[in-house]
Amino acid sequence: MPKEADHIEGGGDKESEESTQETSQQTVRKRVRTNTPSPHRGTDTPQASPPRFVSVEELMETAKGVTNMALAHEIMVNQAFQVKPSEFPEGSLERRVKEIMHKAFWDCLEAQLKEDPPQYMHAIKLLAEMKETLLSFLLPGHGHLRSCIEEVLDLGLIQQQAENGALDIGSLSQFIIEMMGSLCAPCRDEDISKLKEITDFVPLLKAIFSLLDLMKLDMANFAVNSIRPHLMQQSVEYERNKFQEFLDKQPNALDYTEKWLTETAIDLRKASSTAASSDPLLPANVHNQAYLRLLKWNHLAEPFPETLLMDQARFQEMQQNVDVLVLLSSILLIVYTTTGEAISGLPGLMETLKNTVHAMLADMHNPSFCLQEALATTGEKLCMELSQCLSQHGYSTLSTDQKNTLMGQISATMQPDNTVRKLMDSRVQKYLLAFLESSQHKNSPPLAGGLAPVNKELRELAIRFSHLINFNKLVFSPFYQKILHKCLLSGECASTET
């Protein structure tokens, strides 16, 4: 959309940026706790420094830094990251205002061009914007194209032609379309062809600006994909420096991270004492176990560690994936254990049963999902499929007692403390931990019994998990090392005194 229309509506090109900054400011306001003690210290503990109030300017500056850090992080960890156009919701007040203002702008332009003689002042400004946009697409080696654009879209000459009534807007528009065709991505060729079919000047200008906006996004996404392989080290240092700046302004910005690591060390120390193990806790072991805890996190009740806040949605998604895989592998283990050897070698049966169970559990994290009903229905469907398969291969079908036993055991997996479910959950956790510890090696850790049916999904999850963790370690390792050294040293002192 041309800049003049954007000025009318109050800066349309900044909608996406303002929305991002507003979201970041809300996050900062929620998480910056300048007046509260550390969450894991007693309320009677004196404060290290008096309460400090934050000015609006400091808050805005902090929000901007957090926004930039979040954007750089998203580019690095999200391989599917793309810059997308900002659109207001359908039927919203903002969308209606935008449409009304844009319509008023184009109606005004059309009225000016229909005057006698035509008024080209705003049309020339639009041509200047088009020229500026086309030049922004050029690379250093596009010297010939740059010369052509500068020559044909010579604004001084165009102004003289307009004053003398000799301006040919149509030929200039066709030249712009030809330039766009030579610079656009192949996926825009069809859009270029449609432009050539438009004969009315004002609708043509509107369509040109719309396509130029899409070409800007294409160029931005191409640039992101091109430089991503070279950004790793710079991104690590950039995120670390930005977080350090944030930490300098908000010294308590690591409280939840410290709480997360300290509680993990305490839990491991308790487990070690119960097992009568004399092996000292290593920082790497505590750190990896802490990351596993994130897959069991209560996101509604517990604040997420600050160093992982930008990835909270990803960890929540992986946590849901783990829940599905645990329940899926538990049900399949029950089926094959209960039914016996009759189905163990039947080709294609495992995949059929797996697809059935997976389809039934696909929405298990939706608020309206009833796990009890889904498991009951799953048991019935599996019994039907097993009986049909056994009958086709000459085996006797499941008896009523076998069906009732199988459906009862499947329904029992609804309870988190179910024996089979706890067993498979433990095996999945151990696999992810082993994958995390061996992430630098080419070979995957061995699969425990019962995980073979979900091997593909589990490995894909483990790769995503380890990639996210490894990048997080690269960025925040200096902060983690200090916290781990502190909590492990204090734990050793406490053990010695005991």
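In which helix does K131 lie? In this predicted model, K131 is part of helix α5, which covers residues 121–137.

The secondary structure of the protein chain consists of 19 helices and 0 strands. The chain has 498 residues, and 38% of them are buried. Its exposed surface comes to about 27800 Å². Carbon and sulfur atoms account for 54% of that area. Contacts between residues at least 6 apart in sequence were also examined. Of these, 72% link residues at least 24 apart.

Helix α5 contains 17 residues. From its first C-alpha to its last, α5 reaches 25 Å, close to the 24 Å expected at 1.5 Å a residue. The helix is largely enclosed by the rest of the structure, because 12 of its 17 residues are buried. Among the buried residues are the nonpolar side chains of I124, L126, L127, M130, L134, L135 and F137. H122, E129, K131 and T133 are also on the buried list. K131 has 12% relative accessibility and therefore counts as buried, the limit being under 20%. Beyond residues up to four places away in sequence, K131 touches I149, E150 and L153.

Nonpolar packing was examined next. The largest nonpolar core has 73 residues. Within this core, W260, Y291, F315, I331, V335 and F465 touch the most other members. Helix α19, residues 455–497, gives the most to the core, with 15 residues. A second, separate core holds 40 residues. L126, I169, L172 and L205 are included in this second core. L126 is also one of the buried residues of α5.

W260 was followed in detail. Leaving aside neighbours within four places in sequence, W260 contacts A290, Y291, R293, L294 and W297, among others.

The whole structure contains 0 disulfides. For C187, the closest cysteine sulfur belongs to C184. The two sulfurs are 7.5 Å apart, so they are too far from each other for a bond; a disulfide requires sulfur atoms within 2.5 Å. C187 counts as exposed because its relative accessibility is 55%. C148 has 22% relative accessibility and so counts as partly exposed.

Definitions and conventions
Residues numbered from 1 in each chain as written. Predicted model: local features only at pLDDT ≥ 70, side-chain atom pairs only at ≥ 80, totals over all residues. Heavy atoms only, no water. Helix = DSSP H or I, 4+ residues; strand = E, 2+ residues; numbered from the N terminus. Buried < 20%, exposed > 50% of the residue type's maximum accessible area, 1.4 Å probe, protein only. Contact = heavy atoms within 4.5 Å. Areas by Shrake-Rupley, 256 points an atom, 1.4 Å probe, with all protein chains shown as cover. Core = buried A, V, L, I, M, F, W, Y, C linked by side-chain atoms within 4.5 Å. Expected span 1.5 Å × (residues − 1).
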